[in-house]
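Subject: Structure handover

Hello,

Here is the structure I said I would pass on. My notes follow below it.

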Amino acid sequence: MSQSREIIDKKIDQDYQYGFVTDIEQDTLPPGLSEDVIRFISKKKNEPDWLLNWRLKAYKLWKQMSEPKWAKLKYNPIDFQDIIYYAAPKKKKELKSLDEVDPQLLDTYNKLGIPLDEQKMLAGVAVDAVFDSVSVTTTFKKELASHGIIFCSFSEAVQSHPELVRKYIGSVVPRTDNFYAALNSAVFSDGSFVYIPKGVRCPMELSTYFRINAAKTGQFERTLIIAEEGSYVSYLEGCTAPMRDENQLHAAVVELVAHKDANIKYSTVQNWYPGDENGKGGIYNFVTKRGICLEQNSKISWTQVETGSALTWKYPSVILKGDNSTGEFYSVAMTNNYQQADTGTKMIHIGKNTSSTIISKGISAGKSHNTYRGEVKIMKNAENSRNYSQCDSILIGSECGAHTFPYIDVRNPTAQMEHEATTSNIGEDQIFYCNQRGISEENAVSLIVNGFCKDVFAKLPMEFAVEANKLMEVSLEGSVG
Amino acid sequence: MMLTIKNLKCSIGEKEILQGINLDVRPGEVHAIMGRNGSGKSTLANVISGKETAEISSGTILYKGEDLFEKSTEQRALEGIFLSFQYPVAIPGVNITYFLKEAVNAKRRYLGQNELDAATFLQKIKEKLPLVDLDISFIKRAVNDGFSGGEKKRNEILQLLMLEPDLAILDETDSGLDIDALKIVSNGIKSYRSSEKSFVIITHYPRLLHYVKPDKVHILINGKIVKTGGPDLAELLEQKGYSWLES
């Protein structure tokens, strides 16, 4: 713990530390979106016709849709023709091993603290790194393959396992789901793909790091995780971006499919550039994440720590279709300065005896606004379903806002619902108490906030919990005093 | 001299709460400051620890010869002033072990000592727990969260024992305690008493003073010390109340 403390101390005096730009030769399209752009992306990736047609259909649907306006977010309109839809590090040739990866790119990942070098990877985390739009390398592939696990970039999966991709893509988040999901379906450039065969317990944490580098680029990655009967996987996702004055769009889609008795744990530490202290720049994060518990006794658990992005619009959800299936959502959302977050979850109970748990912790500081928006729906046939929701908000200072919008829709009288919500200020009394014990104001605030988030941090895998703590410290900077 | 208060006056709004306090506390001495509610007892504790609720209009407080008003609450704590709170606040989700380790190591860093590692810290806290009749499971609980009145006060004394202050201010530590808890808390305090450490015990009732014998007793009425004496003054107060001192 003292080591992690050291790391934390080092971070305290820093602003957003991932704000560097990597000077690397990029293969980019000019800004703008058209059928030709989609054809270009698809061709670049050597995609089969069915996928090109799938994209083009999505594009047609998208053009008929309008941006969702119901979230509690204020921002200038996004010009979708001013975004670059494809940017990739220029590859000189096919890469055979890590040695052949552009050293500057590796250097970038080193700066991010991602150990891509398999030799150094004692932590047992397999990493897929997505740089702008293209997956750069996936580590630990061999070891995973020995268990029959597929963990690769989405593009690679399209080539090597087209039948799986075709079967599941859009099966949880259809193209028509919403404006940003449709856009992603049309232009997605890469992402991660995971397949865990029947009865296999994935022996290590699978991890993807997403990085936006190129200017004016949108990032549209797509992640698909399939857990066959009786399997288990824990997947981690992290993300960073350079500091830029203009806003950049990130519109991802994540689909999870859990078959009978399968268990998927999905953890995110989201640290996209949040903009500066005056609210200039930062990532617009419009993400659709959804999992389906397709068959009985399956379980999907989302854990997220959201500290980044200028705007966050994100509701990781679970469709509880199989009987006795379980959905969980544990969230910490921290906003500072001018950040706005509208985040929460949806739990759709369809099967019998399904249960869901929602624990949401919102921390607002500066002039930020933090909204929890959650829906729990108990369908007609979902006998004996249960939900427990707890939404707590904490305010630091007097210029920020916390908002809670729980929607509950119960169509079966046997359902049991519990909802608790609290909002509190960090008390001067608490700070004074800590001060009187020799603990500085800054440490007191992070202590109090970490205590507040403990229930959620406890759900994160070990290394991620340390990172989450660090992130909170950095994000809290300048929020007191 | 551990603590020297000279002609301290302070007010909250229009009201003058402390109207010229003088007090000298030597190392090893235990002073009791007694008074009714509203006499200014807690304000005095707050002013010494650095809580900015009252405005100081005149006077000085020297701690080990140095001007306290130049120092922040945190600095005062790091230099050895401890306040046992009348109403300790809860910090949900932060367990006592983590909280106290932060506090102990903050002080050690300040004094240029090595930080205690987890094992050494645990060893130390295990030695202190029995002094306030607590077992190891206690330190896994969140600070003051859902504690009974007695647990809160025992937790304050546990922190005192761990932080090893030179000057301990105990603000109404006996209030809300049943007789058993009072004995436990008193034993904790007594175990720390020595020729180097000083106590200022602020209290409404003399009952704590049956267990922790003070060297000096001061009676505070309307912001002034109206009488100073030995332990027998507390006994007298128990028999006669405060009214005979009010003229």
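This is a predicted model: local features need pLDDT of at least 70, side-chain atom pairs count only at pLDDT 80 or more; totals for chains, interfaces and linings use all residues.

In a left-handed crossing, α3(A) passes α8(A). Helix α3 covers residues 49-64 of chain A and helix α8 covers residues 179-187 of chain A; their axes come within 7 Å and cross at roughly 145°. On the α3(A) side the contact is made by R55(A), A58(A), Y59(A), L61(A) and W62(A). The α8(A) side supplies F179(A), A182(A), L183(A), S185(A) and A186(A). Sorted by class, this contact has eight nonpolar residues, one polar and one charged.

Chain A as a whole

Chain A contains 11 helices and 23 strands. Of its 481 residues, 55% are buried. If one takes the contacts in chain A between residues at least 6 apart in sequence, 83% of them join residues at least 24 apart.

One residue in chain A may be worth a look on screen. N285(A) is in strand β13, residues 282-293 of chain A. Is N285(A) buried or exposed? N285(A) has 27 other C-beta atoms within 10 Å, and the cut-off for a buried residue is 20 or more, so N285(A) counts as buried. Leaving aside residues up to four places away in sequence, N285(A) touches H250(A), W272(A), S309(A), L311(A), T312(A), W313(A) and K314(A).

Where the chains meet

The contact between the chains takes 19 residues from chain A and 25 residues from chain B. On the chain A side, the elements that give two or more residues are α9 (428-436) and α10 (441-457). The residues on that side divide into seven nonpolar, nine polar and three charged.

Chain B has an open sheet of four strands in the order β2-β1-β4-β5, with antiparallel pairing. β2 (15-25) and β5 (66-67) of chain B stand at the edges; each has a single partner strand, so one side of each is left without a neighbour in the sheet. Further in, β1 (residues 3-12) and β4 (residues 55-63) of chain B pair in the antiparallel sense over seven bridges. Within that pairing, K9(B) has S58(B) in β4(B) as its bridge partner. Helix α1(B) packs on this sheet, where it touches β1, β2 and β4 of chain B, and its direction makes about 65° with that of β2(B).

Another open sheet of chain B has six strands, in the order β6-β7-β8-β3-β9-β10, and its pairing is mixed. Its edge strands are β6 (81-84) and β10 of chain B, each pairing on one side only. On average, neighbouring strands of this sheet are turned by 20° against each other, direction ignored. β6(B) and strand β7 (residues 167-171) of chain B run parallel and are joined by four bridges; in β7(B), L170(B) is the residue opposite S84(B). Strands β9 (residues 216-221) and β10 (residues 224-229) of chain B run antiparallel, with five bridges between them. I219(B) stands opposite K227(B) there. The hairpin of β9(B) and β10(B) has two residues between the strands, and N222(B) in this hairpin takes a positive phi near 50°.

Helix α1(B) also lies across β3 (30-34), β6, β7, β8 (198-203) and β9 of chain B, running at about 145° to β7(B). How many of the nine residues of α1(B) are buried? The count is nine of nine for this helix, residues 41-49 of chain B. Among them are K41(B), N46(B) and S49(B). After α1(B) comes G50(B), whose phi is positive, near 105°.

Chain B: α4 and α5

Helix α5(B) lies across β6 and β7 of chain B and runs at about 170° to β6(B). The axes of α4 (residues 118-128) and α5 (residues 149-163) of chain B come within 10 Å and cross at roughly 125°, which makes α4(B) oblique to α5(B). This crossing is right-handed. The residues in contact are K124(B), I125(B) and K128(B) of α4(B), with L158(B), L161(B) and M162(B) of α5(B). By class they are four nonpolar, no polar and two charged.

Regards

Technical notes. Residues are numbered from 1 along each chain as its sequence is written. Chains are lettered from A and ligands numbered from 1 in the order in which they are written. Two residues are in contact if their C-beta atoms, placed from the backbone, lie within 7 Å. Ala, Val, Leu, Ile, Met, Phe, Trp, Tyr, Cys and Pro count as nonpolar, Asp, Glu, Lys and Arg as charged, and the others, Gly among them, as polar. A residue is buried if 20 or more other C-beta atoms lie within 10 Å of its own, exposed if 12 or fewer, and partly exposed in between; C-beta atoms are placed from the backbone. Two strands pair if DSSP finds at least two bridges between them. Axes are lines fitted to C-alpha atoms, for helices over the stretch in contact, and angles run from 0 to 180 degrees between N-to-C directions. A crossing is left-handed if the near helix is turned anticlockwise from the far one by less than a right angle, and right-handed if clockwise. Angles under 35 degrees count as roughly parallel, over 145 as roughly antiparallel, 65 to 115 as roughly perpendicular and the rest as oblique.
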